[in-house]
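Hi,

Here is the structure I promised to pass on. Have a look at it first, and my notes on what turned up follow below.

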Amino acid sequence: MDETVAEYIRRTVLKIPKDEIKMMLQKWGFLSEAQLQTLNFHQIKDNISQEVVQLCEENSADIKQAALLDIIYNHIYQDKRVWTVYQMKKSGDELEYFDITDFKKKFKRKIRSALKNVTITFKEYEDNAIWIRVAWGTPYKKPNQYKPSYVVYHSQTPYVFIAASVIRSNMPLLCQALIVASNYHDIREMELRSHSLNSLKDIVFKRYSQNFPTNTTKPLQREIVEPENADIRIVQENRSEKERIYRLNQEIFGSGPQPKLEFAQYRLETMFKSDPKLDVLDKKEPFRCLVKFSSPHLLESLKSLAPAGMADAPLSPLLTCIPHKARNYFKIREKKSFESFVSP
Amino acid sequence: HLATSLPLPSERDHLRPRIDLIVFMIDIKSKYSLKNVERSLAYVDASFFLGKVCFLVTGVGRVNACSIETNAIHKLGKTYCSPVLFCELELEGIRVATAQRLLRILQICAGHVPGVSALSFVSLMRSSDDD
């Protein structure tokens, strides 16, 4: 077995938390159940990984198997990476039957036609997701297995989720290969990024609870707004205001859990508006400014701002439009007499 | 009675008993809360500022999250001749002690303590700087 493959497998196993190693090796399926029985999972990880490498040696593992283990690890720990969403466009409306073998063949051929030193691995999952791992080399160097790109493609949709490697120069080739393989004619990067792959899918597949304005006034809402208010001596003076805020929030955010995003970024290219007497800027050029919101769970925290009394309801549409505009990176420019979004 | 801001909704006027004490709660982590209190103060009748108003600043335990300067708060207390209490609601001991202090203030404002009235607070507010 190649030394580099052995080292790569050793390092991949070391990444896995100790109590998950057995499960992941089973998922991998490269080592037999009998071989797994011989492993002592109670020793330190260093030793476990050495033993795994030895077993892989017995089975003559090559880079393809090692790459598969890496995909399995990254599928389970997908939230460790930042995923960007890309949208593909078809030229016509033809409904083409998707053939997975054809897809893989075309993808590999396109990439290899430009770059011979690559490792390409596919794995299909039950939710129709095709995971692709690409390790990139150069015409003179073997692929760097430690900085691969990961692509998740749902064949029934025009969306691709990419966790790019640090080597950005390979992106155009990757995009080209995707559209050729999937029979689309164009691909564009959406301004939507997050660690949570599932939340990105929720947003573009519209799987989150959306706001449907309702006309019913539910008396039940009273219970929901003040569940802790068991003490009847406490009187809420602004109960109707609280209910209005709650209702507005439900309308804007829906009643289900929000997709998980960590950032919202607004690049302002607007004019600086100040008291003319202050004469801050004599040049009439845009005041460039970047506003970034960050949170472990941005949308949920936005949703709780008004009920917590920390902001007026309704919130600015710049914040609430994030899920249905499917973007969290914005450019705001001056447009005539008012500001507006500009989609790039 | 809890309210998020003043003025109080007029539709509940008939249900409200006499108001003996107004406690304005300011979350030191939220500039918005200070602005809200400043806006609401405009709706308070001048007679309340004779000892029946008090400012309660919460969240002081989280020093790194302070958004409001204590200078601004002291200035507020001075402008409105009202005491300012600081507390941290997340600590039960302080929560209980603060509640007991507020209760004592309320008892005085409601006239339940013979010989002491709300006006006493005003005279206690005068510091040596004023002379």
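**Salt bridges and exposure**

B:Lys29 has a relative accessible area of 29%, so it counts as partly exposed (buried is under 20%, exposed is over 50%, and partly exposed is in between, with a 1.4 Å probe and protein chains only). B:Lys29 forms a salt bridge with B:Asp27, with 3.4 Å between the closest N and O atoms. By salt bridge I mean a side-chain nitrogen of Lys or Arg within 4 Å of a carboxyl oxygen of Asp or Glu. B:Asp27 is partly exposed too, at 22%.

Before going on, some ground rules: this is a predicted model, where local features need pLDDT of at least 70 and side-chain atom pairs count only at pLDDT 80 or more, while totals for chains, interfaces and linings use all residues. Residues are numbered from 1 along each chain as its sequence is written, chains are lettered from A and ligands numbered from 1 in the order in which they are written, and side-chain values use heavy atoms, leaving out hydrogens and water.

Over all chains, a search of the whole structure gives 19 salt bridges. One of them joins A:Asp2 and A:Lys142, at 3.8 Å from N to O. This pair links distant parts of the chain, 140 residues apart: A:Asp2 is in the segment before α1 of chain A, and A:Lys142 is in the loop between β3 (129–136) and β4 (149–154) of chain A. (Helices, H or I, of at least four residues and strands, E, of at least two are DSSP runs, numbered from the N terminus.) A:Asp2 is partly exposed at 37% relative accessibility, whereas A:Lys142 is exposed at 61%.

In chain B, the side chains of B:Arg16 and B:Asp13 also meet in a salt bridge, 2.7 Å from N to O. B:Arg16 is buried, at 16% relative accessibility, but B:Asp13 is partly exposed, at 43%.

**Helix packing**

How do α1 (residues 3–15) and α4 (residues 45–58) of chain A cross? Their axes come within 9 Å, at roughly 140° (axes are lines fitted to C-alpha atoms, for helices over the stretch in contact, and angles run from 0 to 180 degrees between N-to-C directions). That angle makes α1(A) oblique to α4(A), because under 35 degrees counts as roughly parallel, over 145 as roughly antiparallel, 65 to 115 as roughly perpendicular and the rest as oblique.

**One more residue**

B:Met25 lies in strand β1 (residues 22–27) of chain B. At 47% relative accessibility, B:Met25 is partly exposed.

Cheers
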